[in-house]
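Please look over the sequence and the structure shown below, and keep both at hand while reading the explanation that follows.

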Amino acid sequence: MEEEGLKLYTINTDEFSDEAYYKACYSSLSACRREKTDSYRFPADKKLSVGAGILLDRGLREYGLKESEVEFAYGENGKPYLSDYPQIYFNLAHSGTMALAAFADTEVGCDIEEIRTASLKLAKRFFCLSEYAYIDSFAGREQDYAFYRIWTLKESFLKVTGMGMRLPLDAFEFAFTKHGTVTIRQEYNKEKYKFLEYDFGVYHAAICIQVKKERRE
């Protein structure tokens with residue numbers, strides 16, 4: 001999937017039910033990714049780790065690179081990047097049996113979540129009041145979707161900034177226009193951001209892209 005310089009890759013780890021295929025994918029990845037995979041205790045988490053590595057490799061091949069051959073570095077809060085290829089921006093996410101990779105020509109953050117039962121208690125405690133009210137205005141499955149819509153958007157913003165959970169969830173606020181466009185109110189920095197959302201069956205994903213200065217009006 002590609003849109004305005006953004007390239008998205010997804011994989012369902014149910015594909016790894018074939019043990020031979022899983023082992024082949026595992027073996028094709030870098031020692032660093034294999035070590036990360038081995039650190040997980042549960043098979044489901046190991047499959048997600050391999051899935052993320054495979055997607056990373058797919059994206060890098062568009063640049064003539066391989067996941068097993070590049071060297072990764074990490075920002076202050078753990079966000080990975082390619083020190084030898086600063087023009088390549090990427091981010092990874094996974095949930096349930098789905099892994100997601102986003103590549104862009106500017107800073108990018110992504111999140112994907114399996115839509116389950118909404119946690120109004122969590123939303124009331126950690127989200128902005130207006131966001132909680134937005135979620136509470138729905139019922140049933142629509143409420144579940146609204147909760148995870150806010151959740152994935154927040155995660156994508158935390159990841160694009162590289163701050164992670166060091167930035168409180170109520171330090172920035174999301175709202176939606178009557179046409180469904182996502183807007184954000186934040187004072188963390190003066191950057192502009194664009195948000196995209198996608199549905200993959202029972203999964204919802206949000207992508208946050210930092211708008212390049214030369215593209216701003």
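The largest pocket is lined by 27 residues, and those nearest its centre are Arg33, Lys36, Gly78, Pro80 and Leu92. A pocket here is an open set of points, on a 1 Å grid over the protein atoms alone, where a 1.4 Å probe fits and where protein lies on both sides within 12 Å along at least five of seven lines, while lining residues have an atom within 4 Å of a point. The elements that give two or more residues to this lining are helix 2 (31–38), helix 3 (43–61), strand 3 (72–74), strand 5 (89–95) and helix 6 (140–161), and the largest share, five residues, comes from strand 5. Helices (H or I, at least four residues) and strands (E, at least two) are DSSP runs numbered from the N terminus.

This is a predicted model, in which local features need pLDDT of at least 70 and side-chain atom pairs count only at pLDDT 80 or more, whereas totals for chains, interfaces and linings use all residues. Residues are numbered from 1 along each chain as its sequence is written, and side-chain values use heavy atoms, with hydrogens and water left out.

Strand 5 also holds serine 95, which counts as buried because its relative accessibility is 10%; buried means under 20% relative accessible area, exposed over 50%, and partly exposed in between, with a 1.4 Å probe and protein chains only. Not counting residues up to four places away in sequence, serine 95 touches Ile112, Glu113, Glu114 and Tyr203, where contact means heavy atoms within 4.5 Å.

Glutamine 210 is found in strand 11, which covers residues 203–210, and with 17% relative accessibility glutamine 210 counts as buried. Its side chain is joined to that of glutamate 191 by a polar contact of 3.4 Å. Apart from neighbours within four places in sequence, the residues in contact with glutamine 210 are Thr106, Glu107, Val160, Glu191, Lys192 and Tyr193. A polar contact is a pair of N or O atoms within 3.5 Å; within protein, one must be able to donate a hydrogen and the other to accept it, and residues adjacent in sequence count only if both are side-chain atoms.
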